Amino acid sequence: MISEQIVSLATVLEAIVLLPILLEFIGDRRKRRHSVELSLESERVSSLNVQLAGLDDLLEDIRDLIDRARHPEDYAELSLGNEILIAGPPLSGKKMLARHIAKAAQFDTVITVHNARNPDALARARYLAYQARNKKVMLLLPRLDLIDEREDEEVVVELDALIEAISELSHALVVGTATRLMPGSEIDNLFGVTLTLPGATITPAPQIFLLAEVHRMLAGVAEFYLGRALKAGYEIADISRDGFIARMLMSVSNPAQIEDIVVLCQTSAIYRQRTGQAKARQITNEILENAIRRVVAADEIRRM
């Protein structure tokens with residue numbers, strides 16, 4: 001009897017000791033949940049009031065990207081290009097442009113992560129995107145330039161994992177925005193496509209000197225991706241194969257940029273064939289220049 005009382009007393013004492021820890025855990029969990037609620041917003045695209053003016057030229061320029069987002073089944077052979085970064089000055093309509101893309105591409109939902117530095121919000125956004133398998137979802141990440149790549153290294157890693165995971169979903173599109181952009185930065189490299197609005201602040205990147213062996217390696221990468229596109233039935237028009245590769249090598253600094261450029265060329269070629277602008281999937285010099293502009297926001301690379 002006494003032993004039972006001792007056990008009961010010990011249990012009560014243990015509960016008393018652990019109670020502050022439990023209350024702190026519950027309080028912290030509530031704070032984190034409240035923080036996620038403030039950082040995350042899910043909107044039905046049908047309810048969005050989109051008013052966009054002054055960007056007619058840009059909207060004309062991205063019709064192929066919108067068509068790909070609207071009809072992903074017709075571009076299923078392309079594994080990249082579902083990430084778009086919009087750079088522009090404050091109040092220039094970056095988020096409104098993203099919402100316009102969602103409307104034009106007939107998306108169902110826009111999930112906005114207002115604070116991309118909140119790991120819980122990023123995790124929740126990924127969960128919601130995966131849950132909406134029968135709906136078309138845009139993941140919107142505003143003001144990514146507020147992330148300090150040196151101090152927020154873990155956040156950049158989490159963002160990279162999130163964007164890569166979501167962009168692989170055929171029903172999803174990732175759109176980020178930034179007021180300032182440094183070409184070649186970690187944030188820039190998270191996205192395959194960059195749209196630059198008038199007045200965007202593009203911070204000059206440090207000049208990069210590519211050694212001869214690196215240049216040869218990039219030339220081999222360009223040969224590979226272009227060769228793969230040609231084998232898939234794409235054609236090069238008004239530019240030679242060597243000229244195509246040489247033009248890319250004038251601007252790129254890594255293999256990922258080469259792959260992105262070739263995929264964007266393929267995207268435009270599919271769009272022009274789909275809309276009757278070309279009988280075959282032709283990649284013209286104009287398409288190539290447009291793809292380079294979308295991938296490389298500034299060309300300040302020197303070679304040795």
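**Before you start**

The model is predicted: local features need pLDDT of at least 70, side-chain atom pairs count only at pLDDT 80 or more, and totals for chains, interfaces and linings use all residues. Residues are numbered from 1 along each chain as its sequence is written, and side-chain values use heavy atoms, with hydrogens and water left out.

**Stop 1: the sheet**

Show the strands (DSSP runs of E, at least two residues, numbered from the N terminus). Six of them form an open sheet with mixed pairing, in the order β1-β3-β4-β5-β2-β7. Pairing here requires at least two DSSP bridges between two strands.

Next, select 109-113 and 137-141. These are β3 and β4, which pair in the parallel sense over four bridges. Pick Val110: its bridge partner in β4 is Met138.

**Stop 2: two loop residues**

Select Leu91, in the loop between β2 (83-87) and α4 (94-104). Leu91 is not a glycine, yet its phi is positive, about 60°. Is Leu91 buried or exposed? Leu91 counts as exposed, at 87% relative accessibility.

Move on to Gln106, in the loop between α4 and β3. Gln106 also is no glycine and has a positive phi, about 55°. With a relative accessible area of 47%, Gln106 is partly exposed. The cut-offs: buried is under 20% relative accessible area, exposed is over 50%, and partly exposed is in between (1.4 Å probe, protein chains only).

**Stop 3: the helix pair**

Select 255-274 and 285-295. These are helices α10 and α11, packed at an angle of about 130° with axes 9 Å apart. That makes α10 oblique to α11. Oblique is what remains after roughly parallel (under 35 degrees), roughly antiparallel (over 145) and roughly perpendicular (65 to 115). Helices are DSSP runs of H or I, at least four residues.

The crossing is right-handed: the near helix is turned clockwise from the far one by less than a right angle.

The contact residues divide into nine nonpolar, two polar and four charged. Ala, Val, Leu, Ile, Met, Phe, Trp, Tyr, Cys and Pro count as nonpolar, Asp, Glu, Lys and Arg as charged, and the others, Gly among them, as polar.

Key. Axes fitted to C-alpha atoms, helices over the stretch in contact; angles between N-to-C directions.
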